[in-house]
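Have a look at it first.

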Amino acid sequence: MNAWPFVIAAWALTLSASVIVAAISWRAMRRAETETERPKR
Amino acid sequence: MDFAGNLAYRVHVTTLHALANPARFLKIAKPLTPALFWTGVALIAIGAWAGLTQTPPDYLQGESVRILYIHVPTAWLGMGGWSGVAISSIVYLVWRHPLASIAARAIALPGALFAGLCLATGSIWGRPTWGTWWQWDGRLTSMLLLFFVYLAYIALARADAERGGDGRIPALFGIAGSILLPIIRYSVVWWNTLHQGASITLSGSSIDNAILWPLAFTLTGFSLFFGGIVLMRMRAMLATQRIEARMRRLAA
């Protein structure tokens, strides 16, 4: 059995999930910190 | 306790209390977040390049051994993440530091993600190597339970926060869930499992160095990446708390 499709699938899944969680976390942090830096109304 | 032990304890507790101050924590976390994150990304990139192109296939597993370079870090972080949840929960219950409660909640999501990735990459590895996607053996089943415990913790912590709880119930759950960690660790010893025993121990490794070395890059890289994600989530939670406090003041 050619194992390369399994290797590629495992790596692609891990890397894409890592990128998604990093993007969501970074966006949430930026949005919340930008909001706190706004002048108080 | 002797003098040195007493001194070490006092230094440890003083550091813990100093870091529990959100302003002091943010002063350290702001430069540390990109440092951990980008160093992690760079090490993962080196590990990926080395693990996919520079190492030979295993004499038994063939090319599927390359899944090891991501499966081991995801397993380590799935279990390490819950250790972080449990330690933060103890710190919260003993010293009542709100930052410890935030740390536990910040760790839970990436911990659940890596536990899920551990199960998924293990399953993908199992198909060409064992001839099956899944086996209800001790290691796989206990890891699946940990994944569900993560999901339960996330739901519980969210419900507790929405209902104005003080975080004690999620913290107790965080400590109780740590019972799974020794079960996962020793499952391959206690039961006759399809999953192999520990290949890497404190006394050495049964994997040849020609195959093993990229694992150091991916293991360190994913750990730093995980740290960066946790800091981002803690900063987001702290900022959200400040916004909510400000809105409450304005509404009063």
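## The nonpolar core

The largest nonpolar core has 67 residues, and those touching the most other members are B:Ile67, B:Ala103, B:Ala104, B:Ala108, B:Ala115 and B:Met234. A nonpolar core here is a set of buried Ala, Val, Leu, Ile, Met, Phe, Trp, Tyr and Cys residues joined through C-beta atoms within 7 Å, and buried means 20 or more other C-beta atoms within 10 Å of a residue's own. At least two residues of this core come from each of α1 (4-37) of chain A and α2 (22-54), α3 (68-95), α4 (98-130), α5 (138-162) and α8 (209-251) of chain B. Helices are DSSP runs (H or I, at least four residues), numbered from the N terminus.

This is a predicted model: local features need pLDDT of at least 70, side-chain atom pairs count only at pLDDT 80 or more, and totals for chains, interfaces and linings use all residues. Residues are numbered from 1 along each chain as its sequence is written, while chains are lettered from A and ligands numbered from 1 in the order written.

## Where the chains meet

What does B:Ile67 touch, leaving out residues up to four places away in sequence? The list is A:Phe6, A:Val7, A:Ala10, B:Thr121, B:Ile124 and B:Trp125. Being in contact means having C-beta atoms, placed from the backbone, within 7 Å.

The contact between the chains takes 23 residues from chain A and 28 residues from chain B. Chain A's side divides into 16 nonpolar, four polar and three charged residues.

## A helix pair in chain B

α5(B) passes α6(B) in a left-handed crossing. The contact is made by B:Tyr153, B:Leu156, B:Ala157 and B:Asp160 of α5(B) with B:Ile169, B:Pro170, B:Phe173 and B:Gly174 of α6(B).

How values were computed. Two residues are in contact if their C-beta atoms, placed from the backbone, lie within 7 Å. Ala, Val, Leu, Ile, Met, Phe, Trp, Tyr, Cys and Pro count as nonpolar, Asp, Glu, Lys and Arg as charged, and the others, Gly among them, as polar. A residue is buried if 20 or more other C-beta atoms lie within 10 Å of its own, exposed if 12 or fewer, and partly exposed in between; C-beta atoms are placed from the backbone. A crossing is left-handed if the near helix is turned anticlockwise from the far one by less than a right angle, and right-handed if clockwise.
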